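Here is a short briefing on a fold. Look over the sequence and the structure first, then read the points below.

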Amino acid sequence: MSFSEPSTTDVDGDSEVGVMVVVVMGVAGTGKTTVGPLVAEALGVPYAEGDDFHPAANIAKMSAGTPLDDDDRAPWLDAIGDWARDRAAEGGGAGAGGVVSCSALKRAYRDRLRAAAPGLVFLHLTGDRELIAGRMAARKGHFMTTRLLDSQFATLEPLGADEAGIAVDVAPEAAVIAERAVAALRRLL
């Protein structure tokens, strides 16, 4: 696996990690928004919340309980791909790596992101439906409801053997998930 920069030192200063852009993926409720910043902090890179890249029309559609289709997702994926490409680019202030959350449920979505930013690494947060539904039901004020969870699981295409990435179970607490993810990401190097 190759990255666009040779290496940087992590936050703790005790190990070298290649400059990478990590996409934290998975169905709604797996903890992408909680785990993503923890992983970014451990790697010493910025974090971007994938939901912030959605056009207002997508938020309205999901808030109404209507799943997005591929046409809805296209500008969202392109915006995330642009951010990832800028974070992976060499030179200037960019190229410092990053972590971004994005459900990236289908292989075609991940291919679209990789076309914009080759070398992306995916962190797939996995878990069983009952656990995830329980966590979703407990959160307040989020536009994504449990009504859309079944469509997310139906759409999900797990990482293929030829895709750069790892899968981490979300059953433990967020700090443990992030610790396991960072250790596995470092092993990819």
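In β5, V99 is the bridge partner of Y47. This is a predicted model.

- β4 and β5 (residues 98–101) run parallel and pair over two bridges.
- The sheet is open and has five strands, in the order β4-β5-β3-β6-β7, with parallel pairing.
- β4 (47–48) and β7 (165–169) are the edge strands; each has a single partner strand, so one side of each is left without a neighbour in the sheet.

**Helices on the sheet**
- α3 packs on the sheet and touches β3, β4 and β5. The direction of α3 makes about 170° with that of β5.
- α7 (residues 174–188) also packs on the sheet, where it touches β3, β6 (121–126) and β7. The direction of α7 makes about 160° with that of β7.

**Nonpolar cores**
- In soluble globular proteins, nonpolar side chains tend to be buried together.
- The largest nonpolar core here has 26 residues. V23, C102, L113, L120 and F122 touch the most other members.
- β3 (21–25), α3 (70–88), α4 (107–116) and α5 (129–138) each supply at least two residues of this core. The largest share, six residues, comes from α3.
- Leaving aside neighbours within four places in sequence, L120 is in contact with V21, V23, A84, L113, R114 and A164.
- A second, separate core has 21 residues, including V24, L123, V182 and A184.

Note on methods
Residues numbered from 1 in each chain as written. Predicted model: local features only at pLDDT ≥ 70, side-chain atom pairs only at ≥ 80, totals over all residues. Heavy atoms only, no water. Core = buried A, V, L, I, M, F, W, Y, C linked by side-chain atoms within 4.5 Å. Buried < 20%, exposed > 50% of the residue type's maximum accessible area, 1.4 Å probe, protein only. Helix = DSSP H or I, 4+ residues; strand = E, 2+ residues; numbered from the N terminus. Contact = heavy atoms within 4.5 Å. Pairing = 2+ DSSP bridges. Axes fitted to C-alpha atoms, helices over the stretch in contact; angles between N-to-C directions.
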